[in-house]
Amino acid sequence: SNTSNGSSLSDEKISSEPKPQLKQEPPAGKTSTTLQLRLPSGSQFRRRFLKSSPVQDVVDFIWDYLMINEASSISDRTKDKLILRTTYPRRVIKDVTANLQDSKLLNTVVLAELGD
């Protein structure tokens with residue numbers, strides 16, 4: 001039986017893969033919240049997310065955005081190096097499985113940083 005899942009192959013072909021597509025932004029309403037995202041490059045913009053979304057969705061969105069628009073700022077780092085912080089009070093958001101509501105990430109500024 002072949003237990004290899006071919007992951008080592010796909011890892012080498014990353015550069016030739018099509019760029020990721022950004023997920024559809026949820027509509028404004030009671031179930032969504034607007035985050036102001038500040039990226040490692042200094043660019044910032046607002047984007048809506050569902051309050052019920054896990055923090056990981058924000059990580060994924062920022063990573064995909066960087067891959068599409070600012071790939072040079074990532075260089076050879078991987079998604080697990082992307083750190084999210086709040087600005088006030090300053091804290092690192094560690095639990096990416098918790099949803100935005102429980103993480104108190106509603107209508108706030110989220111700072112994305114790339115660790116080494």
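Q: Hi! Which residue in S5 is the bridge partner of Arg85?
A: That would be Leu111. Strands here are DSSP E runs of at least two residues and helices are H or I runs of at least four, both numbered from the N terminus. This is a predicted model, where local features need pLDDT of at least 70 and side-chain atom pairs count only at 80 or more, while totals for chains, interfaces and linings use all residues. Residues are numbered from 1 along each chain as its sequence is written, and side-chain values use heavy atoms, with hydrogens and water left out.

Q: And how many bridges join S3 to S5?
A: Five, and S3 runs antiparallel to S5, which covers residues 109–114. Strands count as paired when DSSP finds at least two bridges between them.

Q: What about S3 and S4, how many bridges there?
A: Three, again antiparallel, with S4 spanning residues 90–92. Thr87 stands opposite Arg90 in S4. The two strands, S3 and S4, form a hairpin with two residues between them.

Q: Which residues of S3 are on the covered face?
A: Leu82, Leu84 and Thr86. Ile83, Arg85 and Thr87 make up the uncovered face of S3, which spans residues 82–87. In a regular strand the side chains alternate between the two faces of the sheet.

Q: Zooming out, what is the strand order in the sheet?
A: S2-S1-S5-S3-S4, an open sheet of five strands with mixed pairing. S2 and S4 stand at the edges with a single partner strand each, so one side of each has no neighbour in the sheet. From one strand to the next, the twist averages 35°.

Q: Where does H2 lie?
A: H2 lies across S1, S2, S3 and S5, and runs at about 115° to S3. Axes are lines fitted to C-alpha atoms, for helices over the stretch in contact, with angles from 0 to 180 degrees between N-to-C directions.

Q: Which residues touch the most other members of the largest nonpolar core?
A: Leu37, Leu39, Val58, Ile62, Leu82 and Leu84, out of 22 residues in that core. Such a core is a set of buried (under 20% relative accessible area, 1.4 Å probe, protein chains only) Ala, Val, Leu, Ile, Met, Phe, Trp, Tyr and Cys residues joined through side-chain atoms within 4.5 Å. S1 (32–38), S2 (44–50), H2 (55–69), S3 and S5 each supply at least two of its residues. The largest share, eight residues, comes from H2.

Q: Back to Leu82: what is it in contact with, beyond its neighbours within four places in sequence?
A: Val59, Ile62, Trp63, Leu66, Ala112, Glu113 and Leu114. Contact means heavy atoms within 4.5 Å.

Q: New topic, Val96. Where does it lie?
A: Val96 sits in the loop between S4 and S5. Its relative accessibility is 25%, so Val96 counts as partly exposed, the class between buried and exposed (over 50%).

Q: And which residues is Val96 in contact with, leaving aside neighbours within four places?
A: Pro54, Val55, Gln56 and Val59. Val55 is 41 residues away along the chain, yet the C-alpha atoms of Val96 and Val55 are separated by 4.5 Å.

Q: Last one: what pattern does the protein follow along the sequence?
A: α-β-β-α-α-β-β-β, with three helices and five strands. Of its 116 residues, 32% are buried.
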